[in-house]
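Please look over the sequence and the model below. The paragraphs after it go through some of its features in turn.

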Amino acid sequence: MRVDRSGVSALVLALVLGACAPAGEEQAEAPAADTPAAAPESVQDSATTDTAMGQDDYPVSSAAQIHDRTFTLDTHVDIGPGYGTDALDPGEHTHAQVDLPKMVEGGLDAAFFIVYVGQGDLTEEGYAAAREAAEEKYRGISRMLANDPDRIALATTADEVEAIAASGRLVALIGMENAYPLGPGIDDVPMWAERGVRYMSITHFGNNQFGGSSNPDTGAGEPAEDPGLSDLGRELVASLNDHGIIVDVSHVGKQTMLDAIELSRAPVMASHSGARAVYDNARNLDDEQLRAIRDNGGVAHMVAFRRYIGEMPQAVLDGQRALAAELGLDTPEGREAATPEIIAAYREGLAALRAEHGDVDISVLADHIDHAVEVAGIEHVGIASDFDGGGGVGGWEDASETAAVTEELLRRGYTPDEIEMMWSGNILRVMRAVEEAAATAE
Ligand SMILES: [Zn+2]
């Protein structure tokens, strides 16, 4: 393992803060003590696969065999600083939740790797910094692809996804989280499309030039009520349609989302969001939103992000803060200086806290999936980890444990065909529809 301090500190930051959620938001969302979900169950019981049997195309097989022949695509995987360099080389075993060895081990065949930029000021300086941050994320993904062309390749169409998978390689796709780096116009959309970006979310935390966030920065004076898509946001949706990029409505406010769906002439996706009826968090989709995605022909990927989908035991949250302070990880300097040993100690301590006080585990993720399927239908539901962006639940902590998701879904009575739809079939259908809509652009 080759690890340098910048890679380590990025990981620690993700562990301590959750890269997907700013610290302030997290604290605001900190739940009251509650009865946690049970600890992850053993998934060895082959009898649990009986529910999947009786399908003509599938002989009786173990859950592991079913997982092996299921094409799995995780729609949201973040990347750390120095990605594809000695600082964080995903070609090797790393401290990250996703690297190529973990993908192979866990039977994760494909992933959207993310060009993520947090929201900043809507100023010339802010836009310039965001553009550079996006460039570096893109360079990181490009380095990974250049380093390991025999093991992973970039797909820009659904057909390419299937061709690369058939060649025995892992499949990389690129998604962009937050359109903020586009700046005050949409001229860069064709460039990002050319580079292979195949979905783009409109916002992240905080409203931007295109629309409202599910989590507006009210502290900075943004209205609590989502203003909806701006005029520029309307241009953005049209341009994404024209250039074959899926409109991603994760992280956007409800009005902005409904505006985007109304305007889009192609199906949309939510790349990583939970079901709000199961757990009331602003990042999740309510039933009206799930039905809007259904009616649009899109897909909503349920996210394995503890704080978004379930009630974290207060004792774990308190213990986590104390542990971070004890290990010197409660300051930016401390996180910067963290060694792999400190990270290992942090992870062990966190695991002990969860074992003692309870955890949000894979069964909670499956509850969100069940609800989304009930409301939107199985053709409109998918799965996302948000690994290396704060994601992970008990039983699915990194890509090496991906089979556990399939096993849980089999246990819940989904057939192998249904599971494959959620793992990849639905998003590939959406990709094809978006490609088709772009091909018929005026
Ligand atoms: Zn996110």
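**A helix pair and a loop residue**

In this predicted model, helix α10 passes helix α15 in a right-handed crossing. The residues that make the contact are Asp 287, Leu 290, Arg 291, Ile 293 and Arg 294 on the α10 side, with Ala 372, Val 375 and Ala 376 on the α15 side. Sorted by class, the contact between α10 and α15 comprises 5 nonpolar and 3 charged residues, and no polar ones.

Two packed helices are described by the angle between their axes and the distance between the axes. Here α10 covers residues 287-295 and α15 covers residues 362-376. Their axes come within 9 Å and cross at roughly 60°. The helices are therefore oblique to each other.

The loop between β7 (269-270) and α10 holds Asn 284. Is Asn 284 buried or exposed? Asn 284 has 25 other C-beta atoms within 10 Å, and a residue counts as buried at 20 or more, so Asn 284 is buried. Beyond its neighbours within four places in sequence, Asn 284 is in contact with Ser 273, Gly 274, Ala 275, Arg 276, Tyr 279 and Tyr 308. His 251 lies 33 residues from Asn 284 in sequence, and their C-alpha atoms are 8.4 Å apart in space.

Now the protein as a whole. Its secondary structure consists of 17 helices and 9 strands. Of the 442 residues, 54% are buried. Among contacts between residues at least 6 apart in sequence, 75% join residues at least 24 apart.

Technical notes. Residues are numbered from 1 along each chain as its sequence is written. This is a predicted model: local features need pLDDT of at least 70, side-chain atom pairs count only at pLDDT 80 or more; totals for chains, interfaces and linings use all residues. Helices (H or I, at least four residues) and strands (E, at least two) are DSSP runs, numbered from the N terminus. A residue is buried if 20 or more other C-beta atoms lie within 10 Å of its own, exposed if 12 or fewer, and partly exposed in between; C-beta atoms are placed from the backbone. Two residues are in contact if their C-beta atoms, placed from the backbone, lie within 7 Å. Axes are lines fitted to C-alpha atoms, for helices over the stretch in contact, and angles run from 0 to 180 degrees between N-to-C directions. Angles under 35 degrees count as roughly parallel, over 145 as roughly antiparallel, 65 to 115 as roughly perpendicular and the rest as oblique. A crossing is left-handed if the near helix is turned anticlockwise from the far one by less than a right angle, and right-handed if clockwise. Ala, Val, Leu, Ile, Met, Phe, Trp, Tyr, Cys and Pro count as nonpolar, Asp, Glu, Lys and Arg as charged, and the others, Gly among them, as polar.
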